[in-house]
Amino acid sequence: PLDEDRVVVRVNPAGTADHDADLAMLAGTGWRTLMLAKAESAAQVDGVVAALGPQTRVVALCETAAGILAAADLAAHPHVGVLMWGAEDLVASMGGSSSRTPEGAYRSVVQHARATVLLAAAAHGAAAWDAVHLDLGDEAGLAAEAEDAVALGCTATVCLHPRQVPVVRSAYTLAPEAVERARRVLAAAEGRHGAFELDGAMVDEVVLAQARAVLRRADAPRPASA
C-alpha cells in the first residue's frame, strides 16, 4: 500500500471539470496531500480545503503568469506547505514558445519567475521545490540545476523520470567535509560575540546561519526528490 503521508496527488487546475472530478475521487481516499496545477489564488486553495477537509496539504504549482504574481499569497495560505514553479506552462500562458535560449539557459523572465517563487516560499516559511528538467538525456544540465537549487535553499527538485532521481539525490547529498566544516564553524563560535576569523576567513552571523542550514539538511529525512 502507498504511504498516505508520502503520496502527492497532482490534480487538474481549479475551475475545470477534471478538477472537480479529481477532488471527488480523492474524497473517497485517505490521500490529503495534493499538487494544485496552475495555482493562481488563495481562493482556489480554499476551495480544495472545503472539498477535502482541514487536514488537506497543498503543493501550489505556480506555472502561469497569474500564478507567479500570486506566489506570495499562495505561500502565506495556512494549507500551502510547498511552492513549486513550472517554466513551460508559464511561457505558454504568456503566448511564448520557448523557456530556454538556444544555449540551453532559462530566458530572463523565466529566471525572474523562479526567483519570485523561491523568495515567496522563503518569506512565508513554505518549502520550495524546483522545476523539472525536460531533457531526460541531459544529466549534466539536470545536475547543475539541482546543485543550484540546493545552494538557494530548495528542499527538492522534481523529477520527470526515475532515471533522473539518482542525479538529483546526488546533488542534494551533502559532502562529509561540508558537514564537518559547518560543525567546526559553529563550535568555534561558542562563547564568541560578533565576527571572528577562522582558517583565514571571516565568520559572522550570516556564515553561522548558513552552517546551521547545512546541519538541518544533514539531519533532514530523505528523499530530496519527488
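The sulfur of Cys159 lies 13 Å from the closest cysteine sulfur, that of Cys154, which is too far for a bond, and the structure, a predicted model, holds zero disulfides (a disulfide being a pair of cysteine sulfur atoms within 2.5 Å). Local features in this predicted model need pLDDT of at least 70 and side-chain atom pairs count only at pLDDT 80 or more, while totals for chains, interfaces and linings use all residues. Residues are numbered from 1 along each chain as its sequence is written, and side-chain values use heavy atoms, with hydrogens and water left out.

**Cysteines**
- Cys159 counts as buried at 14% relative accessibility, where buried means under 20% relative accessible area, exposed over 50% and partly exposed in between, with a 1.4 Å probe and protein chains only.
- Cys154 is buried too, with a relative accessible area of 5%, and its sulfur is 13 Å from the closest cysteine sulfur, in Cys62, again too far for a bond.

**The sheet**
- Strand β2 (residues 33–36) runs parallel to strand β3 (residues 57–62) and is joined to it by four bridges, and Leu34 has Val58 as its bridge partner in β3.

**Trp85**
- Trp85 belongs to strand β4 (residues 80–85) and is buried, with a relative accessible area of 1%.
- Leaving aside residues up to four places away in sequence, Trp85 touches several residues, among them Leu61, Cys62, Tyr106 and Trp129, a contact being heavy atoms within 4.5 Å.
- The side chain of Trp85 also makes a polar contact with the side chain of Asp130 (2.8 Å); such a contact is a pair of N or O atoms within 3.5 Å, and within protein one must be able to donate a hydrogen and the other to accept it, while residues adjacent in sequence count only if both atoms are side-chain atoms.

**Helix α10**
- In α10 (residues 205–219), a helix being a DSSP run of H or I with at least four residues, Leu208, Ala211 and Leu215 are buried.
- These three cover an arc of only 60° around the axis, which puts them on the same side of α10, the arc being that of the directions from the helix axis to the C-beta atoms.
- On the other side of α10, Val206, Gln210 and Arg216 are exposed, whereas the buried residues of α10 pack against α9 (176–189) and β8 (201–203).

How values were computed: Helices (H or I, at least four residues) and strands (E, at least two) are DSSP runs, numbered from the N terminus. The expected span of a helix is 1.5 Å times one less than its number of residues. Two strands pair if DSSP finds at least two bridges between them.
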